Amino acid sequence: MLSLTSKRLLGLGFRGTQTPAAAQLLPRLYHERVVDHYNNPRNVGSFDKTDPTVGTGLVGAPACGDVMKLQIKVDDQTGKIVDACFKTFGCGSAIASSSVATEWVKGKQMEEVLTIKNTEIAKHLSLPPVKLHCSMLAEDAIKAAVKDYEAKRGKLGANTESAPAEKAANA
């Protein structure tokens, strides 16, 4: 089944059902990087979203039905992303964009990953114009994961600051 889908992505189609004229008019060719990340996605999985060192970004595109969850695990001491993973429900371009995004964020500082743009992902994967929304989802997922992590840190900071005040009030 997977090899059949790969053939479709590469534009090989079904040899018996496609007419030569249709094959010449509507080739559906994806760059080899898209096919590679689709067939061998990197960093598939998920982390515990309640872990304070994990930021989760969940984004979707209602027009096409793609849903992307990207998670980052951050070293609190250095602010560096030590690991990343994703789960994506969608087309091959969405899966490839998620896979590339997790590869690119690993080992980088939080501020640095916010500079990753969808155009860079799209260019790297050579996405056709009709699939650019997939790279936009990946950029949005990165931003949402960073925002979630920072929100968790803000809550932890507020809890630790209010704890001494509560102890003093209870004394």
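C134 is buried at 0% relative accessibility, where buried means under 20% relative accessible area, exposed over 50% and partly exposed in between, with a 1.4 Å probe and protein chains only. C64, by contrast, counts as partly exposed at 38%. The model is predicted, so local features need pLDDT of at least 70 and side-chain atom pairs count only at pLDDT 80 or more, while totals for chains, interfaces and linings use all residues. Residues are numbered from 1 along each chain as its sequence is written, and side-chain values use heavy atoms, with hydrogens and water left out.

The structure holds 0 disulfides, a disulfide being a pair of cysteine sulfur atoms within 2.5 Å. The table gives the closest cysteine sulfur for C64 and C134; each distance is too far for a bond.

| Cysteine | Closest cysteine sulfur | Sulfur distance |
|---|---|---|
| C64 | in C134 | 6.0 Å |
| C134 | in C91 | 3.6 Å |

The secondary structure of the protein consists of 7 helices and 3 strands. Helices (H or I, at least four residues) and strands (E, at least two) are DSSP runs numbered from the N terminus. Along the sequence their order is α-α-α-β-β-β-α-α-α-α.

The protein has 171 residues, of which 36% are buried. Its accessible surface is about 10,000 Å², and carbon and sulfur atoms make up 57% of that area. Accessible areas come from the Shrake-Rupley method with a 1.4 Å probe; for residues, only the protein chains shown count as cover. Among contacts (heavy atoms within 4.5 Å) with a separation of 6 or more, 60% join residues 24 or more positions apart.

N43 lies in the loop between α3 (32–39) and β1 (54–61). With a relative accessible area of 19%, N43 is buried. Beyond its neighbours within four places in sequence, N43 is in contact with A84, C85, F86, T102, E103 and K106. With E103 there is also a side-chain to side-chain polar contact of 2.9 Å. A polar contact is a pair of N or O atoms within 3.5 Å; within protein, one must be able to donate a hydrogen and the other to accept it, and residues adjacent in sequence count only if both atoms are side-chain atoms.

One ring interaction involves a charge: the charged end of K73 sits over the ring of F47, 5.1 Å from the ring centre. This term requires NZ of Lys or CZ of Arg within 6 Å of the ring centre and within 35 degrees of the ring normal.
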